[in-house]
Amino acid sequence: TSPKIKVDLDSSTGVAVLRMQSPPVNSLSLDFLTEFCINLEKLEMDRSCRGLIITSTLSKVFSAGLDIMEMYGKSPERCGEFWKAVQEMWLKLYGSNMVTMAAINGSSPAGGCLMSLGCDYRIMADNPRYSIGLNETQLGIVAPFWFKDTLVNTVGNRAAELSLELGLLYSAPDALKIGLVDQLVPEDQVLSTAQDTMSKWLAVPDHARQITKSMMRKPTIDKLLSNREADITNFVSFITKDSIQKSLRMYLEMLKSRKA
Ligand code: CO8
(Lines give C-alpha, C1' and ligand atoms only; values in the text may rest on other atoms or scores of the structure.)
Protein backbone atom coordinates (compact mmCIF):
# COMPACT_ATOMS: atom_id res chain seq x y z
CA THR A 1 0.00 0.00 0.00
CA SER A 2 1.17 3.51 -0.80
CA PRO A 3 2.28 5.71 2.09
CA LYS A 4 -0.44 7.77 3.74
CA ILE A 5 2.11 10.32 4.85
CA LYS A 6 4.95 12.10 3.09
CA VAL A 7 7.71 13.90 4.96
CA ASP A 8 10.18 16.41 3.53
CA LEU A 9 12.92 17.66 5.80
CA ASP A 10 14.73 20.80 4.67
CA SER A 11 18.21 20.35 6.08
CA SER A 12 19.09 24.03 5.62
CA THR A 13 16.22 25.26 7.82
CA GLY A 14 15.73 22.20 10.05
CA VAL A 15 12.02 22.28 9.25
CA ALA A 16 10.07 19.22 8.16
CA VAL A 17 6.75 19.32 6.33
CA LEU A 18 4.54 16.31 7.00
CA ARG A 19 1.83 15.92 4.38
CA MET A 20 -1.18 13.73 5.03
CA GLN A 21 -2.18 12.14 1.72
CA SER A 22 -4.78 9.50 2.43
CA PRO A 23 -7.87 10.08 0.29
CA PRO A 24 -10.71 10.71 0.47
CA VAL A 25 -10.51 12.51 3.84
CA ASN A 26 -7.27 11.62 5.74
CA SER A 27 -9.28 9.68 8.29
CA LEU A 28 -7.16 8.40 11.15
CA SER A 29 -7.20 4.63 10.79
CA LEU A 30 -4.92 2.31 12.75
CA ASP A 31 -2.61 2.11 9.73
CA PHE A 32 -2.59 5.87 9.33
CA LEU A 33 -1.84 6.49 13.01
CA THR A 34 0.93 3.90 13.04
CA GLU A 35 2.59 5.54 10.04
CA PHE A 36 2.10 8.98 11.56
CA CYS A 37 3.77 7.94 14.83
CA ILE A 38 6.72 6.25 13.12
CA ASN A 39 7.37 9.42 11.12
CA LEU A 40 7.03 11.63 14.17
CA GLU A 41 9.42 9.47 16.13
CA LYS A 42 12.01 9.57 13.35
CA LEU A 43 11.88 13.35 13.23
CA GLU A 44 11.98 13.62 17.01
CA MET A 45 15.19 11.55 17.09
CA ASP A 46 16.76 13.52 14.24
CA ARG A 47 18.82 16.26 15.85
CA SER A 48 18.85 18.24 12.63
CA CYS A 49 15.05 18.61 12.74
CA ARG A 50 13.77 21.44 14.96
CA GLY A 51 10.40 22.27 13.49
CA LEU A 52 7.45 20.35 12.06
CA ILE A 53 4.59 21.61 9.91
CA ILE A 54 1.61 19.31 9.44
CA THR A 55 -0.64 19.80 6.44
CA SER A 56 -2.82 17.93 3.95
CA THR A 57 -2.44 17.25 0.24
CA LEU A 58 -6.22 16.93 -0.16
CA SER A 59 -8.30 19.85 -1.26
CA LYS A 60 -10.96 20.87 1.30
CA VAL A 61 -9.99 18.44 4.07
CA PHE A 62 -7.17 18.56 6.63
CA SER A 63 -8.36 15.43 8.43
CA ALA A 64 -11.85 14.00 9.03
CA GLY A 65 -10.71 12.73 12.41
CA LEU A 66 -10.76 9.18 13.65
CA ASP A 67 -11.76 6.64 11.06
CA ILE A 68 -15.30 5.77 12.09
CA MET A 69 -14.95 2.36 10.45
CA GLU A 70 -12.29 1.53 13.06
CA MET A 71 -14.94 1.99 15.77
CA TYR A 72 -17.84 0.29 14.04
CA GLY A 73 -18.35 -3.47 14.19
CA LYS A 74 -14.84 -4.20 15.40
CA SER A 75 -13.74 -6.65 18.11
CA PRO A 76 -12.88 -5.29 21.57
CA GLU A 77 -9.23 -6.31 21.03
CA ARG A 78 -9.02 -4.36 17.81
CA CYS A 79 -10.77 -1.34 19.37
CA GLY A 80 -8.22 -1.40 22.18
CA GLU A 81 -5.33 -1.50 19.75
CA PHE A 82 -6.84 1.37 17.80
CA TRP A 83 -7.36 3.50 20.89
CA LYS A 84 -3.79 2.94 22.04
CA ALA A 85 -2.63 4.32 18.69
CA VAL A 86 -4.85 7.39 19.12
CA GLN A 87 -3.32 8.00 22.56
CA GLU A 88 0.16 7.54 21.11
CA MET A 89 -0.45 10.10 18.36
CA TRP A 90 -1.54 12.70 20.90
CA LEU A 91 1.19 11.90 23.44
CA LYS A 92 3.92 12.20 20.82
CA LEU A 93 2.56 15.38 19.29
CA TYR A 94 1.50 17.26 22.42
CA GLY A 95 4.81 16.40 24.06
CA SER A 96 7.07 16.98 21.08
CA ASN A 97 10.33 18.87 21.60
CA MET A 98 10.03 20.26 18.09
CA VAL A 99 8.13 23.42 17.27
CA THR A 100 4.95 22.04 15.74
CA MET A 101 2.52 23.89 13.51
CA ALA A 102 -0.74 22.86 11.94
CA ALA A 103 -1.23 24.32 8.47
CA ILE A 104 -4.97 23.64 8.35
CA ASN A 105 -5.92 23.82 4.69
CA GLY A 106 -9.37 22.27 4.98
CA SER A 107 -11.96 20.95 7.42
CA SER A 108 -10.70 19.41 10.59
CA PRO A 109 -13.40 17.85 12.77
CA ALA A 110 -12.94 15.72 15.91
CA GLY A 111 -9.64 13.79 15.77
CA GLY A 112 -8.43 16.24 13.10
CA CYS A 113 -9.06 19.05 15.56
CA LEU A 114 -7.25 17.09 18.30
CA MET A 115 -4.23 16.72 16.03
CA SER A 116 -4.26 20.47 15.35
CA LEU A 117 -4.58 21.22 19.07
CA GLY A 118 -1.55 19.02 19.67
CA CYS A 119 0.60 21.55 17.82
CA ASP A 120 2.14 24.75 19.19
CA TYR A 121 0.44 27.01 16.64
CA ARG A 122 -2.47 26.76 14.21
CA ILE A 123 -2.83 28.57 10.91
CA MET A 124 -6.08 27.96 9.01
CA ALA A 125 -7.28 28.81 5.51
CA ASP A 126 -9.74 31.73 5.76
CA ASN A 127 -12.43 29.79 3.89
CA PRO A 128 -15.72 29.96 5.89
CA ARG A 129 -16.73 26.58 4.45
CA TYR A 130 -13.98 24.88 6.38
CA SER A 131 -14.86 23.85 9.89
CA ILE A 132 -13.01 22.66 12.93
CA GLY A 133 -14.04 21.49 16.39
CA LEU A 134 -14.63 18.57 18.71
CA ASN A 135 -18.05 17.46 17.47
CA GLU A 136 -18.09 14.08 19.25
CA THR A 137 -21.45 14.59 20.99
CA GLN A 138 -23.04 15.02 17.55
CA LEU A 139 -22.08 11.42 16.86
CA GLY A 140 -23.51 10.31 20.20
CA ILE A 141 -20.03 9.69 21.57
CA VAL A 142 -18.03 11.48 24.24
CA ALA A 143 -14.64 13.10 23.86
CA PRO A 144 -12.39 11.65 26.59
CA PHE A 145 -10.82 13.77 29.36
CA TRP A 146 -7.56 14.37 27.53
CA PHE A 147 -9.35 15.73 24.43
CA LYS A 148 -11.21 18.00 26.85
CA ASP A 149 -8.04 19.02 28.69
CA THR A 150 -6.31 19.90 25.44
CA LEU A 151 -9.26 22.05 24.38
CA VAL A 152 -9.49 23.77 27.78
CA ASN A 153 -5.75 24.51 27.64
CA THR A 154 -6.32 26.20 24.29
CA VAL A 155 -9.61 28.11 24.51
CA GLY A 156 -10.38 28.21 28.26
CA ASN A 157 -13.05 26.54 30.30
CA ARG A 158 -16.23 28.31 29.19
CA ALA A 159 -15.59 28.12 25.46
CA ALA A 160 -14.61 24.47 25.88
CA GLU A 161 -17.77 23.70 27.82
CA LEU A 162 -20.03 25.21 25.16
CA SER A 163 -18.09 23.67 22.35
CA LEU A 164 -17.97 20.14 23.84
CA GLU A 165 -21.54 19.89 25.11
CA LEU A 166 -23.00 21.08 21.82
CA GLY A 167 -20.39 19.31 19.68
CA LEU A 168 -19.84 22.58 17.84
CA LEU A 169 -18.00 22.76 14.56
CA TYR A 170 -16.69 26.29 14.06
CA SER A 171 -16.24 27.97 10.71
CA ALA A 172 -12.69 29.25 10.23
CA PRO A 173 -13.65 32.84 11.25
CA ASP A 174 -15.50 31.62 14.37
CA ALA A 175 -12.61 29.31 15.26
CA LEU A 176 -10.31 32.34 15.21
CA LYS A 177 -12.71 34.29 17.44
CA ILE A 178 -12.58 31.73 20.25
CA GLY A 179 -8.86 31.08 19.83
CA LEU A 180 -9.27 27.55 18.52
CA VAL A 181 -6.90 28.61 15.73
CA ASP A 182 -4.31 31.38 15.98
CA GLN A 183 -4.39 32.90 12.53
CA LEU A 184 -6.36 32.87 9.26
CA VAL A 185 -4.71 33.45 5.92
CA PRO A 186 -5.77 33.03 2.27
CA GLU A 187 -5.82 29.39 1.27
CA ASP A 188 -2.74 29.58 -0.97
CA GLN A 189 -0.67 31.15 1.82
CA VAL A 190 -1.28 28.64 4.60
CA LEU A 191 1.97 26.74 4.14
CA SER A 192 4.16 29.77 3.40
CA THR A 193 2.78 31.57 6.48
CA ALA A 194 3.56 28.49 8.56
CA GLN A 195 7.15 28.56 7.21
CA ASP A 196 7.52 32.27 8.08
CA THR A 197 6.02 31.84 11.54
CA MET A 198 8.23 28.83 12.13
CA SER A 199 11.39 30.84 11.57
CA LYS A 200 10.26 33.26 14.30
CA TRP A 201 9.66 30.42 16.74
CA LEU A 202 13.01 28.88 15.88
CA ALA A 203 14.76 32.12 16.79
CA VAL A 204 13.97 31.33 20.44
CA PRO A 205 16.69 29.14 22.01
CA ASP A 206 15.50 25.51 21.86
CA HIS A 207 16.27 24.54 25.45
CA ALA A 208 14.40 27.49 26.97
CA ARG A 209 11.39 26.97 24.71
CA GLN A 210 11.34 23.21 25.32
CA ILE A 211 11.45 23.54 29.12
CA THR A 212 8.69 26.13 28.96
CA LYS A 213 6.55 23.95 26.71
CA SER A 214 7.01 21.04 29.05
CA MET A 215 6.07 23.21 32.04
CA MET A 216 2.82 24.12 30.29
CA ARG A 217 1.90 20.68 28.96
CA LYS A 218 3.43 18.05 31.23
CA PRO A 219 0.62 17.94 33.82
CA THR A 220 -1.91 17.24 31.04
CA ILE A 221 0.32 14.56 29.51
CA ASP A 222 1.05 12.92 32.86
CA LYS A 223 -2.66 12.66 33.56
CA LEU A 224 -3.12 10.40 30.55
CA LEU A 225 0.14 8.51 31.12
CA SER A 226 -0.96 7.50 34.59
CA ASN A 227 -4.44 6.46 33.36
CA ARG A 228 -3.61 4.98 30.01
CA GLU A 229 -4.87 1.43 30.57
CA ALA A 230 -8.07 2.61 32.27
CA ASP A 231 -8.68 5.01 29.40
CA ILE A 232 -8.38 2.13 26.91
CA THR A 233 -10.73 -0.05 28.96
CA ASN A 234 -13.23 2.82 29.15
CA PHE A 235 -13.10 3.44 25.43
CA VAL A 236 -13.55 -0.23 24.55
CA SER A 237 -16.49 -0.79 26.86
CA PHE A 238 -18.16 2.44 25.70
CA ILE A 239 -17.66 2.05 21.97
CA THR A 240 -18.76 -1.61 21.83
CA LYS A 241 -22.11 -0.89 23.51
CA ASP A 242 -25.09 -1.65 21.25
CA SER A 243 -26.56 1.82 21.74
CA ILE A 244 -23.28 3.50 20.76
CA GLN A 245 -22.85 1.23 17.75
CA LYS A 246 -26.33 2.26 16.70
CA SER A 247 -25.47 5.96 17.01
CA LEU A 248 -22.38 5.44 14.87
CA ARG A 249 -24.39 3.60 12.24
CA MET A 250 -26.91 6.42 12.07
CA TYR A 251 -24.12 8.98 11.77
CA LEU A 252 -22.49 7.00 8.95
CA GLU A 253 -25.81 6.82 7.13
CA MET A 254 -26.25 10.56 7.58
CA LEU A 255 -22.77 11.14 6.08
CA LYS A 256 -23.62 9.02 3.04
CA SER A 257 -27.09 10.49 2.50
CA ARG A 258 -25.80 14.06 2.80
CA LYS A 259 -23.76 13.30 -0.29
CA ALA A 260 -26.72 12.46 -2.52
N1 CO8 B 1 -14.25 8.03 9.13
C2 CO8 B 1 -14.52 7.20 8.12
N3 CO8 B 1 -15.02 7.60 6.94
C4 CO8 B 1 -15.25 8.91 6.76
C5 CO8 B 1 -14.99 9.85 7.78
C6 CO8 B 1 -14.46 9.36 9.02
N7 CO8 B 1 -14.18 10.17 10.05
N8 CO8 B 1 -15.33 11.07 7.33
C9 CO8 B 1 -15.77 10.90 6.08
N10 CO8 B 1 -15.73 9.62 5.71
C11 CO8 B 1 -16.10 9.03 4.40
C12 CO8 B 1 -17.52 9.40 3.98
O13 CO8 B 1 -18.45 8.52 4.56
C14 CO8 B 1 -17.45 9.26 2.50
O15 CO8 B 1 -17.49 7.88 2.18
P16 CO8 B 1 -18.15 7.37 0.79
O17 CO8 B 1 -17.36 8.01 -0.30
O18 CO8 B 1 -18.02 5.89 0.86
O19 CO8 B 1 -19.60 7.83 0.83
C20 CO8 B 1 -16.04 9.76 2.17
O21 CO8 B 1 -15.29 9.63 3.40
C22 CO8 B 1 -15.99 11.20 1.73
O23 CO8 B 1 -16.68 12.01 2.68
P24 CO8 B 1 -17.60 13.24 2.27
O25 CO8 B 1 -18.34 12.95 1.01
O26 CO8 B 1 -18.40 13.62 3.46
O27 CO8 B 1 -16.47 14.35 1.96
P28 CO8 B 1 -16.62 15.93 2.00
O29 CO8 B 1 -15.40 16.46 1.33
O30 CO8 B 1 -17.95 16.37 1.52
O31 CO8 B 1 -16.56 16.32 3.57
C32 CO8 B 1 -15.74 16.12 5.83
C33 CO8 B 1 -15.41 16.10 4.32
C34 CO8 B 1 -16.12 17.54 6.21
C35 CO8 B 1 -14.48 15.71 6.55
C36 CO8 B 1 -16.91 15.18 6.10
O37 CO8 B 1 -16.61 13.92 5.53
C38 CO8 B 1 -17.20 14.95 7.56
O39 CO8 B 1 -17.77 15.80 8.22
N40 CO8 B 1 -16.85 13.75 8.07
C41 CO8 B 1 -17.15 13.33 9.42
C42 CO8 B 1 -16.16 13.86 10.36
C43 CO8 B 1 -16.46 13.41 11.76
O44 CO8 B 1 -17.51 13.67 12.32
N45 CO8 B 1 -15.49 12.73 12.36
C46 CO8 B 1 -15.63 12.29 13.70
C47 CO8 B 1 -14.82 11.07 13.93
S48 CO8 B 1 -14.82 10.66 15.65
C49 CO8 B 1 -13.36 11.28 16.26
O50 CO8 B 1 -12.51 11.69 15.53
C51 CO8 B 1 -13.10 11.32 17.74
C52 CO8 B 1 -13.74 10.23 18.47
C53 CO8 B 1 -13.41 10.25 19.92
C54 CO8 B 1 -13.72 8.94 20.57
C55 CO8 B 1 -14.73 9.04 21.62
C56 CO8 B 1 -14.61 7.95 22.61
C57 CO8 B 1 -15.89 7.22 22.83
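**Salt bridges, aromatic rings and pockets**

Q: Starting with the charged side chains, what does Asp149 form with Lys148?
A: Asp149 and Lys148 form a salt bridge, in which the closest N and O atoms are 2.8 Å apart. Please keep in mind throughout that this is a predicted model.

Q: Is Asp149 buried or exposed?
A: Asp149 counts as buried, because its relative accessibility is 9% and the cut-off for buried is under 20%.

Q: How many salt bridges does a search of the whole structure find?
A: The search finds 17 salt bridges. One of them joins the side chains of Asp174 and Lys177, at 3.3 Å from N to O.

Q: Where do Asp174 and Lys177 lie?
A: Both are in helix H6, which covers residues 172-178, and they are 3 residues apart, or about one turn of the helix. Asp174 is partly exposed, with a relative accessible area of 33%, whereas Lys177 is exposed, with 70%.

Q: Which residues do salt bridges that share partners join into one network?
A: That network consists of Glu41, Glu88, Lys92 and Arg228, joined through salt bridges that share partners.

Q: Switching to the rings, how many aromatic pairs are there?
A: The count comes to 8 aromatic pairs. In the pair of Trp90 and Trp146, the ring centres are 5.3 Å apart and the planes stand at 50°, so the pair is described as tilted.

Q: Which helices do Trp90 and Trp146 lie in?
A: Trp90 lies in helix H2, residues 76-94, and Trp146 lies in helix H4, so the pair ties together parts that are 56 residues apart in sequence. Both of these tryptophans are buried.

Q: What residues form the aromatic cluster?
A: One aromatic cluster is formed by Trp83, Trp90, Tyr94, Trp146, Phe147 and Phe235.

Q: What about Pro144, where is its place?
A: Pro144 sits in the loop between strand S8 (131-133) and H4, and it is buried, with a relative accessible area of 16%.

Q: Leaving aside neighbours within four places in sequence, which residues is Pro144 in contact with?
A: With those neighbours left aside, Pro144 is in contact with Trp83 and Asp231. Pro144 and Asp231 are 87 residues apart in sequence, while their C-alpha atoms are 8.1 Å apart in space.

Q: Now the pockets: how much space lies in the largest pocket?
A: The largest pocket holds about 1,500 Å³ of space. It is lined by 47 residues, and the closest to its centre are Ala64, Ile68, Pro109, Tyr251 and Leu255.

Q: Which elements give two or more residues to that lining of the largest pocket?
A: Those elements are strand S4 (60-61), strand S6 (106-109), helix H4 (145-155), helix H9 (228-239) and helix H10 (242-259). H10 gives the most to the lining of the largest pocket, with 7 residues.

Q: How do the residues of the lining of the largest pocket divide?
A: They divide into 28 nonpolar, 11 polar and 8 charged residues.

Q: And what volume does the second largest pocket have?
A: The second largest pocket has a volume of about 330 Å³. Its lining is made up of 14 residues, and those nearest its centre are Tyr94, Asp120, Asn153, Met216 and Arg217.

Q: How does the lining of the second largest pocket divide?
A: The residues of the lining of the second largest pocket comprise 4 nonpolar, 4 polar and 6 charged ones.

Terms used. Residues are numbered from 1 along each chain as its sequence is written. This is a predicted model: local features need pLDDT of at least 70, side-chain atom pairs count only at pLDDT 80 or more; totals for chains, interfaces and linings use all residues. Side-chain values use heavy atoms; hydrogens and water are left out. On a 1 Å grid over the protein atoms alone, a cavity is a set of points where a 1.4 Å probe fits but cannot get out, and a pocket is an open set with protein on both sides within 12 Å along at least five of seven lines; lining residues have an atom within 4 Å of a point. Grid points are joined across faces, edges and corners, and a volume is the space filled by probe spheres set on the points. Helices (H or I, at least four residues) and strands (E, at least two) are DSSP runs, numbered from the N terminus. Ala, Val, Leu, Ile, Met, Phe, Trp, Tyr, Cys and Pro count as nonpolar, Asp, Glu, Lys and Arg as charged, and the others, Gly among them, as polar. A salt bridge is a side-chain nitrogen of Lys or Arg within 4 Å of a carboxyl oxygen of Asp or Glu. Buried means under 20% relative accessible area, exposed over 50%, partly exposed in between (1.4 Å probe, protein chains only). Rings of Phe, Tyr and Trp (its six-membered ring) pair if their centres lie within 6.5 Å; planes under 30 degrees apart count as stacked, over 60 as edge-to-face and the rest as tilted. Contact means heavy atoms within 4.5 Å.
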